[in-house]
Amino acid sequence: MEQAFLQLQNHVYVFLMSMVPVVELRGAIPMACMLGLPWYEALLSTMIGNLLIVPPVVLLGREILRIGKSWKVTSRLFCAVERRTLAKQDVINKYSFWGLAILVAIPLPGTGAWTGALLAALLNLRVKNALLSCFVGVLIAGIIVTAVTYSVGSFF
C-alpha cells in the first residue's frame, strides 16, 4: 500500500512539474525517469499535464499579458515575455500549423507548449488549429525527450 501511494505521489509530482513554464515535459520526463516511473507512464502523465495549460493560455494569454503589463511590479517581466515570444513569430508566419507544432516540439529553452500557446494567442490564430498544433508539438517533444531520457538513463 505504501509503495502504491509513493507511485501515485511521483505521478502527481511529474504531472504538476510538466505544467510549469520553462520546465514543462522537458524537465518532468527526466525527473520521472529518476523517480523510477516506466517510460509510458512518464510520457502519458507529462503530456497530459503539459497539454492542460494550452487551452487557458490560448484563450486568455493576451488578457493575462495586458493585465501583467499594466501592473508596475510585473510590467517589465510581462513585456519581456511578450517580446521574447513574438521574436519566434517568423516560424509561424512561414510554416503556419507546422511552424507552431515545430516550435512546441523543439526541446530547447524558450520553446514548448507555453510559448506556442502564448504565441498563438498573440497572433490571433484560430483556437482549434492552435490547440491541434500544440498537441502535435507536445506529442513530438514527449517522444523525443522520453526516447533520449530513457535510453541514456538505462546506462545509469
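## Charged pairs

The side chains of Glu 24 and Arg 26 form a salt bridge, with N and O 3.7 Å apart; the term denotes a side-chain nitrogen of Lys or Arg within 4 Å of a carboxyl oxygen of Asp or Glu. The model is predicted: local features need pLDDT of at least 70, side-chain atom pairs count only at pLDDT 80 or more, and totals for chains, interfaces and linings use all residues. Residues are numbered from 1 along each chain as its sequence is written, and side-chain values use heavy atoms, with hydrogens and water left out.

Across the whole structure, the search finds 3 salt bridges. Side chains of opposite charge can pair when their charged atoms come close. In the pair described above, both Glu 24 and Arg 26 are buried (buried is under 20% relative accessible area, exposed over 50%, partly exposed in between, with a 1.4 Å probe and protein chains only).

What is the distance between the closest N and O atoms of Glu 63 and Arg 66? In this salt bridge the separation is 2.4 Å. Glu 63 and Arg 66 lie about one helical turn apart, because they are 3 residues from each other in helix H4, residues 54-70 (helices are DSSP runs of H or I with at least four residues, numbered from the N terminus). Both partners are partly exposed: Glu 63 has a relative accessible area of 38%, and Arg 66 has one of 47%.

Lys 69 and Glu 82 also meet through their side chains in a salt bridge, at 2.6 Å from N to O. Lys 69 belongs to helix H4 and Glu 82 to helix H5 (residues 75-86), so the pair ties together parts that are 13 residues apart in sequence.

## The largest pocket

The largest pocket has a volume of about 560 Å³. A pocket is an open set of points on a 1 Å grid where a 1.4 Å probe fits, with protein on both sides within 12 Å along at least five of seven lines, and its lining residues have an atom within 4 Å of a point. The volume is the space filled by probe spheres set on the points.

The lining of the largest pocket consists of 20 residues, and Pro 21, Val 81, Thr 85, Thr 115 and Leu 118 are those nearest its centre. Helices H4, H5 and H7 (113-122) are the elements that give two or more residues to this lining. H5 supplies the largest share, 6 residues. By class, the lining holds 12 nonpolar, 5 polar and 3 charged residues (Ala, Val, Leu, Ile, Met, Phe, Trp, Tyr, Cys and Pro are nonpolar; Asp, Glu, Lys and Arg are charged; the others, Gly among them, are polar).

## Backbone at Val 22 and Glu 24

Most residues other than glycine have a negative phi. Val 22, however, has a positive phi near 75°. Val 22 is placed in the loop between helix H1 (2-17) and helix H2 (24-34), and it counts as exposed at 68% relative accessibility.

The place of Glu 24 is in helix H2. With 1% relative accessibility, Glu 24 counts as buried.

## Buried residues and distances

Ala 42 is part of helix H3, residues 39-52. Its relative accessible area is 0%, so Ala 42 is buried.

Leu 119 is found in helix H7, one of the elements that line the largest pocket. Leu 119 is buried, with a relative accessible area of 0%. From C-alpha to C-alpha, Leu 119 and His 11 are 29 Å apart in space, and in sequence they are 108 residues apart.
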